[in-house]
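This briefing is intended to be read beside the sequence and the three-dimensional structure. The points that follow are grouped by topic.

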Amino acid sequence: MTDHTTTAEVRQTPADQPRHEEKRRERGPIGRWIDEHPNIWEFILFNVLSNISTITRFVVTWIGTAVFVSWLGITQPFSFLIFDYTGKGANGLGGFLTFLFAEVLAQVVNFIVQMKWVFKSDASFANAAWKYAILAVIIVVVNLTLPGHITSLCESWGMAAGLAATIASVVNTLLAVIVSYPLLKFWIMPKNSNTGKEAAK
């Protein structure tokens, strides 16, 4: 009987197949860099994917303004604790409802994105959710109160209003990153959490 096995088929023994599969799955230079610098890559993902919640906030704000302000006309002045929607252009109660829905949906989206895509956490969803809710409230309060103080301080130093507002925005953003990243990584969404395992017992 004539053996029709080709040279290539003879060379590719069963022992060689895993090696070929490994080469086929070998990652490029970017993939190798990610493997070598997982923490840096995670931090980059944290900042880049946070923009998904920012986009959500913008979209909901546009929709909310159209619905609550333009369509329903809910523009009566509204003030509650630190929320002041009594000034001109604040859109009153409609402005507050728009802000509320936009912020809540943006934080929900950010929670899911950070937990599943950035930190890939196996922590209990319920346990992480209440911790994240506390962080979100703190961030919202800081976002509402801090910029005004920073802007006033910068203007008292003789800075123009536009520059003062820009500095306030930058400080606000940096502070949010400095506070939220370690809290998310080590407290709210840690990897290899035993919470879920203990709950299953």
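In which helix does N172 lie? N172 belongs to helix α7, which covers residues 161-188. The structure is a predicted model, and the mean pLDDT of its chain is 84.

**Confidence of the model**

- A pLDDT of 70 or more is reached by 83% of the residues in the chain.
- Over residues 5-10 the pLDDT remains under 50, and the model has 1 contact beyond four places in sequence for this stretch.

**Overall organisation**

- Along the sequence, the order of elements is α-α-α-α-β-β-α-α-α-α.
- The chain has 201 residues, of which 28% are buried.
- Of the contacts between residues at least 6 apart in sequence, 63% join residues at least 24 apart.

**Helix α4 with helix α5**

- Helix α4 spans residues 38-71 and helix α5 spans residues 92-118; their axes lie 8 Å apart, at an angle of about 155 degrees.
- Because angles over 145 degrees count as roughly antiparallel, α4 is described as roughly antiparallel to α5.
- The α4 and α5 helices cross in a right-handed sense.
- The residues that form the contact of α4 with α5 comprise 16 nonpolar, 12 polar and 3 charged.

**Helix α4 with helix α7**

- The axes of α4 and α7 come within 12 Å of each other, with a crossing angle of roughly 120 degrees.
- This angle makes α4 oblique to α7.
- The crossing of α4 and α7 is right-handed.
- On the α4 side, the residues that meet α7 are N39, E42, F43, F46 and N47. Their counterparts in α7 are V177, S180, Y181, L184 and K185.
- Classified by residue type, the contact of α4 with α7 contains 5 nonpolar, 3 polar and 2 charged residues.

**Helix α3 with helix α4**

- Helix α3 covers residues 29-36, and its axis comes within 5 Å of that of α4, at a crossing angle of roughly 105 degrees.
- The two helices, α3 and α4, are therefore roughly perpendicular to each other.
- Helix α3 contributes W33, I34, D35 and E36 to the contact, while α4 contributes P38, I40, W41 and I44.
- This contact of α3 with α4 has 6 nonpolar and 2 charged residues, and no polar residues.

**Two individual residues**

- Is N172 buried or exposed? N172 counts as buried because its relative accessibility is 9%, and the cut-off for buried is under 20%.
- Leaving aside residues up to four places away in sequence, N172 touches V142, N143, L146 and P147.
- W62 is located in helix α4.
- With a relative accessible area of 59%, W62 is exposed, since that class applies over 50%.
- W62 and T98 are 36 residues apart along the chain, and a distance of 8.4 Å separates their C-alpha atoms.

Note on methods. Residues numbered from 1 in each chain as written. Predicted model: local features only at pLDDT ≥ 70, side-chain atom pairs only at ≥ 80, totals over all residues. Heavy atoms only, no water. pLDDT = per-residue confidence, 0-100. Contact = heavy atoms within 4.5 Å. Axes fitted to C-alpha atoms, helices over the stretch in contact; angles between N-to-C directions. Helix = DSSP H or I, 4+ residues; strand = E, 2+ residues; numbered from the N terminus. Parallel < 35°, antiparallel > 145°, perpendicular 65-115°, else oblique. Left-handed = near helix turned anticlockwise from the far one by under 90°. Nonpolar A, V, L, I, M, F, W, Y, C, P; charged D, E, K, R; others polar. Buried < 20%, exposed > 50% of the residue type's maximum accessible area, 1.4 Å probe, protein only.
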